[in-house]
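Let's walk through this fold together, one question at a time. Have the structure open as you read.

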Amino acid sequence: MGTNTGVIPPKGVCWEVSMTSVSSAPPDLLRWMSAIDELAIAVNQRRDLPGLLEQIARTACDLLGYESAAVLLVDDDRKVLRIEGCWGLSLSYVRLVNEESPLFLVPEDTFTGSPSRRAFIEGSPVIVEDISRDPSYGPWARAAQEHGHRSMAAVPLRNQGETVGTMNVYGSDPRRLGPGGLQLLQVLASHAGIALETSAQLVRDRSRLRELSSLNDLLRQHAAIHDRFIGVARRGGGVSDIAAALAEIADRAVVVQDVSGQILASVPRAGVSVRPPDWLSGQQPHASLLSLVAGASPVVSSEAFPGLLAGPVRVGEETLGVLWLAGEAEDDDVRLRAIAQAAVVLGLEMLRRRAVVDAQWQLRGDLVSELAAGSVTDPEVLIARGDRLGSDLRLPQRVLAIRHEEAGEAGETVTAELLRLVQSLVLSRARPKPLLALRDGVITIVAPAGDAPEVEELARHIHTVACQAMEGGVRVAMSETCPEPGHLSGAFRQVTGLLRLLPHTPDEDILTVASAGVLGMLLADVDPHRVGVLAARWIGPLHDYDRQRGTELVGTLRTYLDHDLSTSATAEALFIHANTVGLRIKRIESLLNISLSSVGDLTTLRMALAIDDITRFL
């Protein structure tokens, strides 16, 4: 027999491992070493724990001459010792110890001095030579004797430095376990501890293998999802096909919207369709809804949209749209991964779509610039170019102008955001398509006006959506109807003049020449260059005086008229003293040789100021 590998001798015991010493050892020692070798092999082979504990108990009986043995382990709460492996014990005795009269470690109103409990708590061996004479056996004494137990010994069982149970042997006659037998019992207890740790490690290994297997399956599923979406994108399937693939994988109805609320794709599933919330309603502000969705990863549910999940379609820091799915609760990892992957591919597809649209807008913008300049030499050529862009310049047209009041302060960011929003709203219109361009910070649209209410509806739709999305400050002006392309340059002058010459008000409606009074009339029907002599006669001297002396007579006059000839209100508006206003008004009357108390002079002066504004704007 070979060396005793895998077994650590007890303290104070030294085993010689040479072949000569083993062959000359006493028969009992050889039998012990052989049995312990078998235990070591069984432990190293990672057999099931109950079988190992039974083998250890049987070995204890064989080597020590006891009739029965047991391995008791503490439960997870460390309150009770239970027999988990045994040899020679009857089922009725095991049931007695485990169920009828448990070995409580922290008992209440029960016997606390059992030998097994003392060995566990004190961490030292306990030997009972005669059970009938040992009061510590308490309620188990009679049952033990009925089962043929007359003596016993218990040693603590440790695992990784912690006491986790006891190793017990039971004899059929009174006896006392000697020092050598006690050391062997402790060796067997250490093997039980090793078996426990080996079993726990085996459980951990198997759990880890299951986790790795599950992770591999998950990775394979994720890869399949990725390949599916990328395959759809490579085939040029577009937003609709990507949404259809997601609906199949997630088993949910799907809708894709852009930031303007336009539905780009809608895919029902199992008879269920998604109806996104109305972003234009007063109950669900556009900006707050987008802000909530933009923070989702990948989806979020909210009382703002019951019965739905919403996630951002985002590229970098820019949110391009919203992905809606039917359902209220977030789903499993695979489906969430599918949603996140679909959102990425949708974002890339929407960027590609935007690039195509941008190229079309560029061509439309070139045509709009020519129409605004009034350089229409061959109307048929312009009409043909419009046809290629999906427009129809044969129809009467109206011009819209859109501008944000903060565009001058916030620079290009606000204008670019507004332009994207307006492009999305215009793109959703049926053919013939409007023309759109960005000119000097103002978004201009040339829209077919065959049906005038339809153009007004487009203007109001843009105004409503843009004001909610950008928190107010968006202004929209609309021209009169132009029967042919040659009249469009005047329409551009109308709408840009309305935006730049009329002061902004918080509750401003769509600006039109009809709502702008005298200024609107001049922009619509009068050639400012022909009536410019009126401005030169009545306002020119005031401009000359201001330039020569650094005064503000023109500004004071305009404020004075805007405040209904109130000196105090004008002074408050200009942050100057009322006497200063009075002196400036007298200077104006002297230079122009008029009286501001004359209704005729006031009417002429108001008209002259409007013409002066228009000529300077042009």
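Q: Which strands do the buried residues of H5 pack against?
A: This is a predicted model. In helix H5 (residues 115–122), the buried residues are Pro 115, Ser 116, Arg 117, Ala 119 and Phe 120. Those buried residues pack against strands E1 (68–74), E2 (80–87), E3 (103–104), E4 (126–128), E5 (151–159) and E6 (162–171).

Q: What is the bridge partner of Val 71 in E2?
A: E1 and E2 run antiparallel, joined by six bridges. They form a hairpin with five residues between them, and Arg 78 in the turn has a positive phi of about 55 degrees. Across this pairing, the partner of Val 71 is Gly 85.

Q: Which strands are at the edges of the open sheet of four strands?
A: The strand order is E8-E7-E10-E9, with antiparallel pairing.

Q: What residue in E10 stands opposite Val 315?
A: E9 and strand E10 (residues 318–326) run antiparallel and are joined by eight bridges. Opposite Val 315 stands Glu 318.

Q: What angle does the direction of helix H8 make with that of E8?
A: Helix H8 (residues 238–250) packs on the sheet and touches strand E7 (254–258), E8 and E10. Its direction and that of E8 make an angle of about 35 degrees.

Conventions
Residues are numbered from 1 along each chain as its sequence is written. This is a predicted model: local features need pLDDT of at least 70, side-chain atom pairs count only at pLDDT 80 or more; totals for chains, interfaces and linings use all residues. Side-chain values use heavy atoms; hydrogens and water are left out. Two strands pair if DSSP finds at least two bridges between them. Helices (H or I, at least four residues) and strands (E, at least two) are DSSP runs, numbered from the N terminus. Contact means heavy atoms within 4.5 Å. Axes are lines fitted to C-alpha atoms, for helices over the stretch in contact, and angles run from 0 to 180 degrees between N-to-C directions. Buried means under 20% relative accessible area, exposed over 50%, partly exposed in between (1.4 Å probe, protein chains only).
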